[in-house]
Each structure stands twice: as C-alpha cells, then as structure tokens.
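Subject: Handing over the structure

Hello,

Here is the structure I promised to pass on to you. Have a look at it first, and then read on for what turned up.

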Amino acid sequence: SISTMEETTSRSSSKVVAVVGGGLVGALNACFFAKRGFQVELFEAREDIRRARHVKGRSINLALSHRGRQALQHVGMEEKIVSQGIPMNARMIHSPSGKLSSIPYGKKGQFILSVDRANLNRELLTEAETYPNMQLNFDHKLQDWSAETGLMTFARSDGSVQEIQADLIVGCDGAFSAIRKQFLRRSRFNYSQTYIPHGYMELTMPPVHGEFAMEPNYLHIWPRNTFMMIALPNLDKTFTCTLFMPFEEFEKITTGEEVMEFFHRYFPDTIPLIGADALKRDYFRLPAQAMVSVKCSPYHIGDKCVLMGDAAHAVVPFYGQGMNAGFEDCVVFDEMMEQFKEDLSVVLPEYTRVRVPDDHAIADLAMYNYVEMRAHVNSRWFLFRKLLDSF
Ligand code: FAD
C-alpha cells in the first residue's frame with residue numbers, strides 16, 4: 001500500500017548503509033538495501049571490474065542453483081542472469097577408460113546453471129547503479145573500523161586515507177574479511193578457519209571447429225579417488241576445467257612431461273580436447289589455489305554491523321553452494337527487515353539466531369562431503385555416490 005511505502009521511505013531514507021565488498025554478495029546486497037530506500041554506499045577494494053581488462057580472482061564460472069535464482073528474482077535480475085547462463089541438466093561422469101554416463105539433476109526439466117563469475121558481478125554492479133540512492137566507491141580498501149562509532153577507514157591506491165561513517169555496516173568482503181577482524185577482538189565471538197589439503201587449478205578447454213568440445217548441457221566430472229576434475233561450460237563455447245588435488249600431488253609435477261604422464265594416466269580423454277601444448281603451459285601458469293572453510297558466530301555486533309556471504313561463512317566448494325548461500329543471506333535479512341520494520345536492534349540478533357545454524361549446516365555438509373570422498377578412497381561405489389551428491 002502507499003502508506004506502507006511512505007513509511008518505509010521515511011524510515012530508511014535518512015540512514016546510511018555501508019556495504020563493504022562489491023563482489024557477488026555485496027553487489028546484490030546493495031540492491032536489496034537500495035530498494036528499501038536507504039542511502040547505500042558500496043565500498044570495493046578493487047578498481048571497477050567493468051573497466052578492468054583482466055579480472056583476477058577465483059573460479060571463472062560457477063553453478064547457480066534455485067536459492068541463488070530466488071535471490072536474483074527479488075531484485076528483478078533472475079531472467080537476465082538465467083539468459084546468460086548455460087543450463088546443466090545432468091552430471092556427465094568420465095571413467096578412466098573414457099566411458100561416459102550421465103546422471104540427471106533431480107526430475108526431468110530441472111537444472112542448475114553455469115554462469116560466468118565476472119559477468120555476474122558486472123551485471124550486479126550495473127543493476128546497483130540504477131538506484132539513485134546508491135553510490136559505488138571503487139578503489140576503497142577497508143583498513144579499520146570502530147564498532148562503537150561506525151567510523152570506517154579506507155585506503156586509496158594513491159596513498160590517501162578516507163574516513164566515512166555509516167549507520168549500518170554490512171561486511172560482504174569475502175573469506176578474508178577485514179570487517180570480521182573487529183569481531184575477533186570481542187568476547188564470546190566464536191571463530192574457526194580450516195584449510196583443506198587440496199588445492200584447485202583451472203584449465204581451459206577451447207572450442208573445436210567453433211563448437212563445444214564436449215556436450216555442453218552437463219557438469220562434467222572425472223572422479224579419481226583422492227582427486228578429481230570437473231568442467232563447466234562457458235558462453236564462448238569453452239569449458240573451464242577445475243582440477244582438485246592435494247597440494248602434495250600438485251607439487252610432485254614439475255615438468256611438462258610429468259604433466260602429460262599424469263593426464264595420460266588419469267584424464268586421457270581430455271588431452272586432445274585441452275591440447276598437449278596448452279596443458280604443459282597452463283599447468284604452470286598459476287600455482288594451485290587454496291580452499292578455506294570459515295565458521296563464526298555471531299554474525300552481528302549490536303545494531304551496527306552484520307556479516308554476510310563468505311565473510312560470514314566461507315565453505316569448501318564441494319557442494320557448489322557458497323555463492324548461493326550468500327545470496328540467500330540477503331533474502332533472509334531482507335525478509336526480517338520487513339518483519340521487524342527495519343528496527344536494526346531487533347533484526348541483527350534475529351538474523352544471527354536464524355542464519356548461523358543454516359550456514360553452519362552448509363559448511364558442514366560441504367566439508368563432510370570432502371572428507372568422505374577422501375576417506376573412502378577404496379570404495380568406488382561409495383565415492384561415486386558422494387560425488388554425485390555434491391555436484
Ligand atoms: P567474494 O566473492 O570473495 O567478494 C568479496 C569482495 O570484497 C571482493 O570483491 C573483494 O575485492 C572485496 N574486498 C575484500 N577485502 C576488502 C576490503 N578490505 N575492503 C573493501 N573490499 C574488500 N559457489 C556457488 O554457489 N556455486 C559454485 O559453483 C561455486 N564454485 C566455487 C568454486 C571454487 C573453486 C571456489 C573457490 C568457490 C566457489 N563457490 C561457488 C563459492 C563462491 O565463489 C563464493 O561463495 C562467493 O564468491 C562469495 O561471494 P562474496 O561476495 O561473499 O565474496
């Protein structure tokens with residue numbers, strides 16, 4: 001009704017919400033707060049990725065599922081993002097001998113989507129910019145902030161420092177959150193961080209004669225006991241292959257010949273598709289990347305600050321739910337804002353109460369799956385089942 005809208009606007013308009021981190025969750029969250037009428041300031045450490053030629057960072061593409069799509073729908077972006085994704089209706093399992101078998105996701109017609117991370121991030125920032133009550137501040141790296149006053153200190157690349165105050169600070173600055181550092185100094189804040197022994201490396205499988213080198217509407221999986229590879233399709237008809245393997249194993253391979261031996265032994269069907277020269281080169285292009293699981297509680301400090309996305313709960317990627325859970329955080333918070341009439345002193349503790357158990361459950365499931373996969377190396381069937389559950 002009109003009266004509710006006016007109420008909402010007058011409640012929110014004078015308040016400043018600072019969203020720290022303009023990654024996937026921060027950019028989406030900024031839209032949620034802007035939609036409510038808050039004055040939103042988004043602070044991102046990097047330059048505007050829409051202008052950057054090379055976007056550094058994690059996984060090139062990721063799987064968007066139901067939870068994530070629902071969150072996008074709330075800000076009117078579901079259709080657009082879905083149209084730029086590639087449906088994956090099933091997993092395609094590649095056996096060591098090159099045999100293929102597909103296992104569908106859920107019922108007929110159900111699928112998850114392979115989406116380009118950088119593109120999704122760009123679209124979310126562009127959407128955020130359409131709100132008149134939104135200010136995007138790039139090249140603003142949060143250094144410190146005060147839980148008492150809400151004063152934040154940002155470092156700029158020219159060496160200058162900027163101090164900014166906000167009524168609510170929303171920490172969406174990822175697994176190594178600078179916002180979270182203040183939480184760590186406080187009493188009764190629980191925190192744990194675990195690196196798994198596995199790392200990951202991304203390799204590109206180019207198109208063949210202008211077409212996808214493998215069937216595109218699948219999430220391809222090569223399960224190989226202690227390690228595995230997966231591949232997700234991209235709009236440019238490439239696949240991004242991700243090799244998950246213990247760091248120890250990555251480090252054993254030091255020459256191009258050793259890369260080829262390894263691939264001949266475990267992923268022979270991918271050699272002609274990735275290309276021997278590319279394999280020998282790209283394996284050494286970047287070191288394998290670490291994966292961390294972070295759990296903490298509470299997610300808020302008073303009525304001043306709240307953590308969302310990886311800042312609150314980084315999970316290992318064996319469930320494909322990190323971003324999706326972060327997107328869902330935004331929806332859950334927004335619903336509570338509605339329910340409790342934007343009273344932050346009520347919403348923030350309620351958000352912690354409701355969200356911590358759910359996010360911890362996702363973190364546990366992802367880690368459980370990862371551990372199970374390694375523990376049951378001798379039980380092929382068990383391993384197989386576990387892999388299917390996770391992707
Ligand atoms: P991030 O994406 O890390 O963004 C944080 C932002 O904050 C960045 O832009 C960063 O520059 C900025 N920042 C950091 N510090 C500061 C600071 N001090 N000041 C200002 N800004 C700062 N999830 C899925 O749902 N599906 C998948 O298929 C999937 N696959 C994955 C595969 C791999 C290999 C990995 C590693 C992860 C995968 N994930 C997946 C998880 C997903 O990547 C994360 O959950 C998601 O990126 C979290 O988004 P975020 O915005 O919370 O954090």
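Axes here are lines fitted to C-alpha atoms, for helices over the stretch in contact, with angles from 0 to 180 degrees between N-to-C directions.

Before the rest, two notes on how to read this. Residues are numbered from 1 along each chain as its sequence is written. The model is predicted, so local features need pLDDT of at least 70 and side-chain atom pairs count only at pLDDT 80 or more, while totals for chains, interfaces and linings use all residues.

The whole protein

The protein has 13 helices and 19 strands. These are DSSP runs numbered from the N terminus, with helices being H or I of at least four residues and strands being E of at least two. The C-alpha trace spans about 65 × 40 × 40 Å along its principal axes. For 391 residues a compact globule would have a radius of gyration near 21 Å, and the 22 Å of this protein agrees with that. That radius is taken over C-alpha atoms, and the globule rule is 2.2 Å times the number of residues to the power 0.38.

Of the 391 residues, 40% count as buried. A residue is buried if 20 or more other C-beta atoms lie within 10 Å of its own, exposed if 12 or fewer, and partly exposed in between, with C-beta atoms placed from the backbone. Among contacts with a separation of 6 or more, 69% are between residues 24 or more positions apart. A contact means that the C-beta atoms of two residues, placed from the backbone, lie within 7 Å.

The sheets

Two strands pair if DSSP finds at least two bridges between them. Strand β2 (residues 39–43) runs parallel to β8, with four bridges between them, and Phe43 stands opposite Asn137 in β8.

Another open sheet is antiparallel, with three strands in the order β9-β10-β11. Here β9 and β11 (161–165) are at the edges. On average, neighbouring strands of this sheet are turned by 30° against each other, direction ignored. Strand β10 (residues 151–155) is joined to β9 by four bridges, and Trp145 has Met152 in β10 as its bridge partner.

Strand β7 (residues 112–116) is worth a visit too. Five of its five residues are buried, so β7 is largely enclosed by the rest of the structure. Ile112, Ser114 and Asp116 point one way, and Leu113 and Val115 point the other way. Strand β7 is antiparallel to β3, through four bridges, and also to β4 (residues 86–88), through three. Ala63 stands opposite Ser114, and Met88 stands opposite Ile112.

Around the ligand

Which residues come nearest to the ligand? They are Gly21, Gly23, Gly174, Gly309 and Gly322, out of 34 around it. A residue counts as near if its C-beta atom, placed from the backbone, lies within 6 Å. The elements giving two or more residues to this shell are α2 (24–35), β3 (61–64), β9 (141–145) and α11 (322–339). Helix α11 gives the largest share, four residues. The shell has 15 nonpolar, 13 polar and six charged residues. In this count Ala, Val, Leu, Ile, Met, Phe, Trp, Tyr, Cys and Pro are nonpolar, Asp, Glu, Lys and Arg are charged, and the others, Gly among them, are polar.

A few single residues

Ala27 is found in helix α2 and counts as buried because 26 C-beta neighbours lie inside 10 Å. The C-alpha atom of Ala27 is 5.6 Å from that of Leu125, although the two are 98 residues apart along the chain.

Ser297 and Pro298 are joined by a cis peptide bond, with omega about -5°; Pro298 is in the loop between β17 (289–297) and β18. Asn225, not a glycine, has a positive phi of about 60°, and Asn225 lies in the loop between β14 (218–224) and β15 (227–233).

Enjoy exploring!
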